[in-house]
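User: Could you take me through how to read a few features of this model, giving the general idea first and then the case at hand? I would like to begin with charged side chains.

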Amino acid sequence: METYATALLYAIPLFVVLLLIEFGYGALVKKQTYTVMDTVSSISSGLVNVIKDSLGLVVILVSYPFLLDYLAIFQLQNTWLLWLVAFVAIDFAGYWNHRLSHRVNIFWNQHVIHHSSEEFNLACALRQSISNVFGYFPLLLLPAAILGVPNEIIAVIAPVHLFAQFWYHTQHIGKMGVLEYVIVTPSQHRVHHAINPEYIDKNFGQILCIWDRLFGSFQEELAEIPPQYGVLKPAATWNPVLINFQHVWRICKDAWRTKNWLDKLRIWVMPTGWRPADVQEQYPIEIVTDVYGFKRYKTPFSNALKGYSMFQMIGATALLLLLFSSFSALSYVQLLYFGAAVFIAVYGYTTVMDGVKYGYFIEIARSALALGILFFTSNWFGLREVNPEGFYGVVVYYSITVLWVMYMWIMNTEGIFHNKMNSTAV
């Protein structure tokens, strides 16, 4: 976990720089692919994901070292060939994991967050799951275990393999010639994220595109069919925590409502989107049928709310970097509290972004609680001893937060009050 946290300490600033470059390029060529609320939601999703992953909040069903101990038949020498075998094995496993996530109802819940943005840019690459609480990926690494690929090599290649999937989430790079036959390119991945009927459930490859070509899931991007992005059941929220659990909540409700006991059981493993006939009839769910004309999710926002959302995103990112920079010096319990503070922050300010009134109370309450902890303990879960400057930065962040959100809440309430008074006068 500490190694992963250290890697993120360097990776996050790099990702931010690349996002800014893409944003600047989009402005320069007058083809901007970023909007404020969607971008804040995407980056915030990435924040809660890395909290979960860095703190190891997952139940491993079967560990890779366990499989290696019992299944290894060969023992390859530690040469470039061993590293190549490990990379191919991880990519092969990633293809099937990705394909399962699209094709099996319950597995779609852990992946829907990644497709929930109705934009396509580097920021949406950061929309990663927090709902995949059961770690089954090692089961897909059986070929690597049989070939005796050491756990240490898997541990090095896996995060590199993940980070290498970031760059192709862009609309600014066209087709790449001969590389289209070897690696996953932006063109191929635009197809994967599209909801056009011609593109749905295609191009599951992560680094190599050969798996899609071998197993019949490849689709070229067509000039006459521009990709449209999102999911067929739109998320309709900026809150990444809600998006992470929307699908499984729908499954739970359908399983409860259906009168057929077989359907109550099989709904979890049926193809993605399948619903019992009686529930489908009584509780229909609207899905996108016109991919070019559907109403994309938007919420009204003032300059104050736009500024607040961006400030909170930057503040939560800074808190996360403080967490990672202090990772080895803090206890696991302190790390959990620190991570929970960032998690609650993301939930609170994205709820405000959605225009939900109780979001203001969440923001005021969490800021007041944080200031109380800072005042009465003169610390922030051990941060003061490790990073005094960071500690005072936390004080400033929560002080600004509580004042800003109270201002917005008061202005919002006054606006409602005046509107009601005007309506009554008329």
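Analyst: The side chains of E221 and R190 meet in a salt bridge, with 3.0 Å from N to O; the term stands for a side-chain nitrogen of Lys or Arg within 4 Å of a carboxyl oxygen of Asp or Glu. This pair links distant parts of the chain, since E221 sits in the loop between α10 (210-214) and α11 (240-257) while R190 belongs to helix α9, 31 residues apart. Helices here are DSSP runs of H or I with at least four residues, numbered from the N terminus. Please keep in mind that this is a predicted model, in which local features need pLDDT of at least 70 and side-chain atom pairs count only at pLDDT 80 or more, whereas totals for chains, interfaces and linings use all residues. Residues are numbered from 1 along each chain as its sequence is written, and side-chain values use heavy atoms, with hydrogens and water left out.

User: Are E221 and R190 buried or exposed?

Analyst: Buried means under 20% relative accessible area, exposed over 50%, and partly exposed in between, with a 1.4 Å probe and protein chains only. E221 is buried because its relative accessible area is 14%, and R190 counts as buried because its relative accessibility is 6%.

User: How many salt bridges are there by this rule, and which residue pairs with R275?

Analyst: Side chains of opposite charge can pair when their charged atoms come close. By the rule above, the count comes to 8 salt bridges. R275 forms one with D254, the closest N and O atoms being 2.7 Å apart, and this pair too links distant parts of the chain, with R275 in the loop between α12 (261-266) and α13 (277-282) and D254 in helix α11, 21 residues apart. R275 is buried at 10% relative accessibility, as is D254 at 5%. Another salt bridge joins R366 and E363 at 2.6 Å, N to O; these residues both lie in helix α16 (residues 358-377), 3 residues apart, which is about one turn of the helix, and both are buried.

User: How should I read the packing of α14 and α15?

Analyst: Two packed helices are described by the angle between their axes and the distance between the axes. Helix α14 (residues 303-325) and helix α15 (residues 332-353) pack at about 165 degrees, with their axes 10 Å apart, where axes are lines fitted to C-alpha atoms over the stretch in contact and angles run from 0 to 180 degrees between N-to-C directions. Angles under 35 degrees count as roughly parallel, over 145 as roughly antiparallel, 65 to 115 as roughly perpendicular and the rest as oblique, and α14 and α15 are therefore roughly antiparallel to each other.

User: Which residues form the nonpolar patch on the surface?

Analyst: Patches are made of residues with over 30% relative accessible area and no salt bridge, like charges being joined within 9 Å and nonpolar side chains (Val, Leu, Ile, Met, Phe, Trp, Tyr) within 5 Å. Here F66, Y70, L71, I73, F74, L142 and I146 form a nonpolar patch with about 710 Å² of accessible area together, an area that comes from the Shrake-Rupley method with a 1.4 Å probe, only the protein chains shown counting as cover for residues. Helices α3 (64-71) and α7 (142-146) each supply at least two of the patch residues, and the largest share, 3 residues, comes from α3. F66 lies in helix α3 and is partly exposed, because its relative accessible area is 45%.
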